[in-house]
Amino acid sequence: MAEPNLAEDIANHMRRQILLGELAPGQSIKERDNATELGVSRTPLREAIRMLAKEGLVILRPARSPIVADPSLKEVSDALEVLGALELFGCTLAIENASESQIARVIGHHEKLLSMADTRDSLDFFEEDMAFHKSIVEATGNLPLIETHGAYLARLWRARYLSAQRASDRARVLRQHGVIAEGLSTRDIPKMTNETKEHFDYLFANVSVFYKEREDS
């Protein structure tokens with residue numbers, strides 16, 4: 001990890017640890033221990049923790065160590081409803097406003113996912129999946145929407161990652177992404193929005209199953 005983006009590098013590293021469960025929900029984050037482990041000072045570590053707190057991945061506590069967030073199913077479901085609405089709205093605006101180069105970028109993310117279909121690194125596949133969704137909203141050109149979507153996407157990364165792990169196959173995800181990309185390419189609002197809604201229906205179902213199994217275990 002090197003300057004000048006040391007805090008961002010630390011945040012990216014810790015975000016991956018949270019996604020993978022190496023930093024478990026409810027776990028205390030000890031500044032001294034983590035700074036020593038990463039070979040950094042406490043100042044950039046604190047800044048990284050503040051970044052993750054803004055994303056809802058970490059909870060700050062007065063005079064106590066921060067902890068990894070452990071949202072309830074209700075909290076996650078509420079946030080997913082907002083994210084889904086943002087992405088559906090983004091579909092319409094993207095079709096209206098996207099340039100050909102922006103559409104090509106979305107298609108490029110889909111093609112990269114296709115090339116990664118057989119990879120065993122589920123985290124790399126997941127991050128490319130999220131890049132696909134971000135590129136659609138970025139194609140709207142609507143800065144408030146882009147910023148709000150980015151904030152909710154970051155907040156829900158762990159829930160979406162766990163959902164992706166539960167998916168029995170990647171074929172469905174790739175098929176849905178293909179239809180969404182085609183809908184954008186042909187400027188077909190019903191095709192794009194219908195497939196996006198179905199995509200989120202699967203996400204809700206997978207997240208609900210994960211929470212139920214965790215309660216039963």
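The legends below describe close-up views of a predicted model.

Residues are numbered from 1 along each chain as its sequence is written, and side-chain values use heavy atoms, without hydrogens and water.

**View 1. Packing of helix H4 (residues 73-97) against helix H10 (residues 189-216).** The two axes come within 10 Å and cross at roughly 165 degrees (axes are lines fitted to C-alpha atoms, for helices over the stretch in contact, with angles from 0 to 180 degrees between N-to-C directions). H4 and H10 are therefore roughly antiparallel (an angle over 145 degrees). Residues in contact (heavy atoms within 4.5 Å) include Leu80, Leu83 and Leu88 of H4 and Phe200, Leu203 and Val207 of H10. By class, this contact has 14 nonpolar, 6 polar and 3 charged residues (Ala, Val, Leu, Ile, Met, Phe, Trp, Tyr, Cys and Pro count as nonpolar, Asp, Glu, Lys and Arg as charged, and the others, Gly among them, as polar).

**View 2. Packing of helix H9 (170-185) against H10.** The axes of H9 and H10 lie 8 Å apart, at an angle of about 155 degrees. H9 and H10 are therefore roughly antiparallel to each other. Among the residues that meet are Arg172, Val179 and Glu182 in H9 and Lys191, Glu195 and His199 in H10. The contact of H9 with H10 has 6 nonpolar, 6 polar and 6 charged residues.

**View 3. The largest nonpolar core.** This core has 19 residues (a nonpolar core is a set of buried Ala, Val, Leu, Ile, Met, Phe, Trp, Tyr and Cys residues joined through side-chain atoms within 4.5 Å; buried means under 20% relative accessible area, with a 1.4 Å probe and protein chains only). At least two core residues come from each of H4, helix H6 (122-138), helix H8 (157-166) and H10. H10 supplies the largest share, 5 residues. Leu19 is one of the residues with the most contacts inside the core. Beyond its neighbours within four places in sequence, Leu19 is in contact with Leu123, Phe126, Trp157, Arg158 and Tyr161.

**View 4. Positive phi at Ala63 and Arg187.** Ala63, in the loop between strand E1 (58-61) and strand E2 (64-68), has a positive phi of about 60 degrees although it is not a glycine. Ala63 is exposed at 88% relative accessibility (exposed means over 50%, and partly exposed lies between buried and exposed). Arg187, in the loop between H9 and H10, has a positive phi near 60 degrees. Arg187 is partly exposed, with a relative accessible area of 31%.

Terms used. Predicted model: local features only at pLDDT ≥ 70, side-chain atom pairs only at ≥ 80, totals over all residues. Helix = DSSP H or I, 4+ residues; strand = E, 2+ residues; numbered from the N terminus. Parallel < 35°, antiparallel > 145°, perpendicular 65-115°, else oblique.
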